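Q: I am new to this structure and would like a close look at one part of it. Please start there and then connect it to the rest.

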Amino acid sequence: MPLPRPAPGTGRWWVVGIVGIGLATALAVWLGLANSVGRVTWVDTGYKVVDDRSVRVEFDVHRPSGEAVTCQVNALDQSFGVVGTLEVRVPASSERSVHQVVVVRTATRAVTGTVKSCDPS
């Protein structure tokens, strides 16, 4: 079965379309990499409510090597209100990923603990 051929006189638009799609793809890849490479990210890995006044939070911080980071960790109650907060400074090191375990003191009983943000310090 022969492949269908473009109508006569439409070849230029096929070239324009293919080049446009190629440029759009390259732009999308560049924007994706520019917004993600070298940024500080974190992953909550666990929490445990120790008692009515504290919650233990575990998280991983991913950052560029040699960059110090400050993270804000919050303890939340049943209505997602903040009942405790802790600022954690992760010192610069050659390791790109660091696991942290912290205990957040709370005003009332918390039901979860989570990292709110991590920023270069």
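Which residues form a nonpolar patch on the surface, and what is their accessible area together?

A: This is a predicted model. The patch consists of Val15, Val19 and Leu23. Together they have about 290 Å² of accessible area. Take leucine 23 as an example. Leucine 23 sits in helix 1, which covers residues 11–34. Its relative accessible area is 59%, so leucine 23 counts as exposed, the cut-off being over 50%.

In soluble globular proteins, nonpolar side chains tend to be buried together. The largest nonpolar core holds 18 residues. Phe59, Val61 and Val73 have the most contacts inside that core.

Leaving aside residues up to four places away in sequence, the contacts of valine 61 include Val69, Cys71, Val90, Val98 and Cys118. Val40, Thr41 and Trp42 are also among the residues that valine 61 touches.

Now look at strand 2 and its partner. Strand 1 and strand 2 pair in the antiparallel sense, over nine bridges. One of the pairings joins valine 49 to valine 55 in strand 2. The two strands make a hairpin, with two residues between them.

Charged side chains come next. Side chains of opposite charge can pair when their charged atoms come close. A search of the whole structure finds two salt bridges. One of them joins arginine 109 and aspartate 52, at 2.6 Å from N to O. This pair links distant parts of the chain, 57 residues apart. Arginine 109 lies in the loop between strand 5 (97–105) and strand 6 (112–120). Aspartate 52 lies in the loop between strand 1 (41–51) and strand 2 (54–62). Arginine 109 is partly exposed, with a relative accessible area of 48%. Aspartate 52 is partly exposed too, at 45%.

The side chains of glutamate 58 and arginine 56 also meet in a salt bridge, at 3.4 Å from N to O. Glutamate 58 has a relative accessible area of 22% and is partly exposed. Arginine 56 is partly exposed as well, with 30%.

Notes. Residues are numbered from 1 along each chain as its sequence is written. This is a predicted model: local features need pLDDT of at least 70, side-chain atom pairs count only at pLDDT 80 or more; totals for chains, interfaces and linings use all residues. Side-chain values use heavy atoms; hydrogens and water are left out. Patches are made of residues with over 30% relative accessible area and no salt bridge: like charges are joined within 9 Å, nonpolar side chains (Val, Leu, Ile, Met, Phe, Trp, Tyr) within 5 Å. Accessible areas come from the Shrake-Rupley method with a 1.4 Å probe; for residues, only the protein chains shown count as cover. A salt bridge is a side-chain nitrogen of Lys or Arg within 4 Å of a carboxyl oxygen of Asp or Glu. Helices (H or I, at least four residues) and strands (E, at least two) are DSSP runs, numbered from the N terminus. Buried means under 20% relative accessible area, exposed over 50%, partly exposed in between (1.4 Å probe, protein chains only). Two strands pair if DSSP finds at least two bridges between them. A nonpolar core is a set of buried Ala, Val, Leu, Ile, Met, Phe, Trp, Tyr and Cys residues joined through side-chain atoms within 4.5 Å. Contact means heavy atoms within 4.5 Å.
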